[in-house]
Amino acid sequence: MGKLLVLTLLGAGLALIGERLVALRQRTNASREVRSVEPRSCHLIEGLENGSEDIDILPSGLAFISSGLKYPGMPSFAPDEPGQIFLMDLNEQNPRVQALNISGDFDKASFNPHGISTFIDEDKTVYLYVVNHPHMKSTVEKFKFEEQQHSLVHLKTIKHELLKSLNDIVVLGPEQFYATRDHYFTNFFLVLLEIILDLRWSHVLFYSPREVKVVAKGFSSANGITVSLDKKFIYTADVTAQNIHVLKKHENWDLTPVKVIHLGTLVDNLTVDPDTGDIWAGCHPDGMKLLAYNPADPPGSEVLRIQNVLSEKPKISTEYANNGSVLQASTVASVYHRKLLIGTVFHKALYCLL
């Protein structure tokens, strides 16, 4: 009787895992074909060879780009090199990237930048906040941008027991920010189990020096996060659920759900067009190719634009799509005065004129 019970439980467990694996292939759009869509003028950005995972553009047209991310389960073309922050001036006729020097009491050798967000203080000082994964942990690094010296001065490392498995960040005040926790677990094998079972234990956090709290729950894998132009709504991407959550921000920093926009693709980082308020999303058309990387059949790239976000029927359009022959594993798309930057997890970056 005992052996029969063990066999029954084992069979049930294997059946559940099998069903979950089939569901995972569906959630990652395995084997989806990508039809090419390209703006009128695009070229790869020289000097960005090892990823450009997140991009944040200042109102002045200066773009910060995080590069060199090492992320569990993802390939890296420079596994032994530390990450970097690059700067690109989109006001130039032929903009180029320049690596920013980092000064201060900071371990540059373990720098592993992920999501980034800028904040401009009342005195016009620019601060850059960076999700960092030194030795595969999670911290938030605060830098001061010195424009004349083209450098970053490290000011502070922010740590907290809730700030684990961080992905992206949006800063709305001096050391006040929302951040996404893309997985509940930090152990790689438990993360795999979490993904396979689709536990939906991922969430959004609010941080300030006085308070740290969970403000939105129930995500499969909360990823990119940004804020509307009027600062009233937070937009959060749920990558494997293939959707964007629109959340209303309250005075006490709590968030309440407003709507969910389904995209039908694995949505990564989000940015907002400063001229129109449209959401631009860097996406993965076939997530399985990202998880099981094959250089002969690489993951493609996709950029979606979402207009009329708060309307009953937002307009969703594909602004860029490629099967990986040009750009692999896109994560972010950011626009400035009809100029488009597209970044990737570990590959190159693209500059386009719209």
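Colleague: What should I keep in mind before we start?

Modeller: This is a predicted model, in which local features need pLDDT of at least 70, side-chain atom pairs count only at pLDDT 80 or more, and totals for chains, interfaces and linings use all residues. Residues are numbered from 1 along each chain as its sequence is written, and side-chain values use heavy atoms, with hydrogens and water left out.

Colleague: How do you know that a disulfide joins Cys-42 to Cys-352?

Modeller: The two sulfurs are 2.1 Å apart, and a disulfide is a pair of cysteine sulfur atoms within 2.5 Å, so the pair qualifies. By this rule the count comes to 1 disulfide.

Colleague: What makes the disulfide of Cys-42 and Cys-352 right-handed?

Modeller: The torsion about its S-S bond is about 110 degrees, so the disulfide is right-handed. Cys-42 lies in strand β1 (residues 41-44) and Cys-352 in strand β25 (residues 350-353), so the bond ties together parts 310 residues apart in sequence. Strands here are DSSP runs (E, at least two residues), numbered from the N terminus.

Colleague: Why is Thr-118 called buried?

Modeller: Buried means under 20% relative accessible area, exposed over 50%, and partly exposed in between (1.4 Å probe, protein chains only). Thr-118 has 14% relative accessibility, so Thr-118 counts as buried.

Colleague: And why is Cys-42 called partly exposed?

Modeller: Cys-42 has 26% relative accessibility, so Cys-42 counts as partly exposed.

Terms used. Helices (H or I, at least four residues) and strands (E, at least two) are DSSP runs, numbered from the N terminus.
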